Amino acid sequence: MIGCDLGSNTLRIVQMDCQTKERIHVYEKIVRTGKDLHVTGYICEASKQNILNALYEASQIFDFKNERCFCVTTEAMRIASNAREILKEIESTFGLTFQIITGEKEAYLTSLAVENALKREGFKHQTYALFDLGGGSTEFTFCKNGTKQSQSFPFGIINVAERYSHDRELHVTRIVNSIDDFITQHNPISSNFLQLVTTAGTPTTVAAFLKGLDYAHYDANVVNGTVLHVKDFEEAYERLSLMNEEDAERNTGTNRRDLVVVGILLVKAIMKKLGFESCIVIDDGLREGVALEQCYNLNKS
């Protein structure tokens with residue numbers, strides 16, 4: 001089963017074995033779908049080409065024509081005026097139909113992947129607080145004994161990085177305050193939900209970096225289940241901020257340091273807001289959730 005996630009920053013694809021729930025092949029490429037979107041209102045030509053090039057690359061790995069393939073896309077395509085036009089071009093070129101899903105559906109599918117990963121990594125998987133910091137939106141899921149409530153908020157690393165180049169910590173604090181109404185229904189979060197889980201490019205990059213893995217040698221198996229403290233994010237922020245361009249590119253990927261640095265500020269603010277000093281980092285996310293849901297549906301039929 002193939003699951004595709006075209007996010008506001010990254011295209012992520014996975015082929016999963018429905019019996020074992022293990023990943024067979026994975027693909028990931030930064031495409032910057034949401035670049036300048038908050039200014040223009042549409043997906044720019046460069047981003048569209050990035051997406052098409054990445055899908056062509058992926059088509060050399062995955063058998064899109066003969067495998068069962070389910071594709072979703074998120075915040076950037078939710079708000080872009082030319083989203084339908086681009087998705088039609090993708091369908092005519094690759095035969096892939098991307099569904100624009102709501103933030104709440106995105107949160108639900110991500111939670112399926114996270115639960116599967118928590119179980120696999122030996123953590124409790126029925127009670128947790130989860131946040132997925134994306135490029136254009138951030139989803140929160142609070143799960144207690146298997147009962148979930150989710151909400152999506154329209155802030156992410158791309159729109160925050162592009163909008164605010166000065167006084168970022170001040171802006172980040174204000175932006176994260178937008179979750180107050182949602183979390184007050186569940187307070188105190190840290191007591192009610194016991195563990196904080198995060199799945200997104202920023203925490204996985206930080207976990208890999210602190211374990212000595214550069215961008216080219218990223219290994220999800222090493223990252224999955226890593227527990228990071230607030231102080232770990234502070235250390236990564238300091239080291240990455242002071243790094244020369246060449247070293248920063250090696251550790252975070254091309255033109256990605258600024259996004260990771262902003263992402264760290266957002267992660268720290270969210271952790272503080274939710275009342276957690278540490279979090280469990282999980283690489284599995286929306287793409288795995290898409291595939292898993294279809295696996296579950298297949299088993300029911």
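A salt bridge here pairs a side-chain nitrogen of Lys or Arg with a carboxyl oxygen of Asp or Glu within 4 Å. With that in hand, here are the views of this predicted model.

**View 1. Salt bridges link domain 1 and domain 2.** Between domain 1 and domain 2, the count comes to 5 salt bridges. For a close look at a salt bridge, find D283 and R12, whose side chains meet with an N to O distance of 3.3 Å.

View 2. Domain 1 brings 20 residues to the contact, and domain 2 brings 25 residues.

**View 3. The area buried between the domains.** Interface size is often expressed as the accessible area lost when the parts come together. For domain 1 and domain 2, the buried area is about 1700 Å², with 51% of it on carbon and sulfur atoms.

**View 4. The side of domain 1 that touches domain 2.** Polar contact joins 6 residue pairs between domain 1 and domain 2, counting pairs with both residues at pLDDT 80 or more. On the domain 1 side, the elements that give two or more residues are the strands β2 (10–17) and β3 (22–30), together with the helices α1 (37–40) and α3 (75–79). Of these, β3 gives the most, with 3 residues. Sorted by class, this side of domain 1 holds 10 charged, 5 polar and 5 nonpolar residues.

Methods. Residues are numbered from 1 along each chain as its sequence is written. This is a predicted model: local features need pLDDT of at least 70, side-chain atom pairs count only at pLDDT 80 or more; totals for chains, interfaces and linings use all residues. Side-chain values use heavy atoms; hydrogens and water are left out. Contact means heavy atoms within 4.5 Å. Buried area is the accessible area (1.4 Å probe) that two parts lose on being put together, summed over both. A polar contact is a pair of N or O atoms within 3.5 Å; within protein, one must be able to donate a hydrogen and the other to accept it, and residues adjacent in sequence count only if both atoms are side-chain atoms. Helices (H or I, at least four residues) and strands (E, at least two) are DSSP runs, numbered from the N terminus. Ala, Val, Leu, Ile, Met, Phe, Trp, Tyr, Cys and Pro count as nonpolar, Asp, Glu, Lys and Arg as charged, and the others, Gly among them, as polar.
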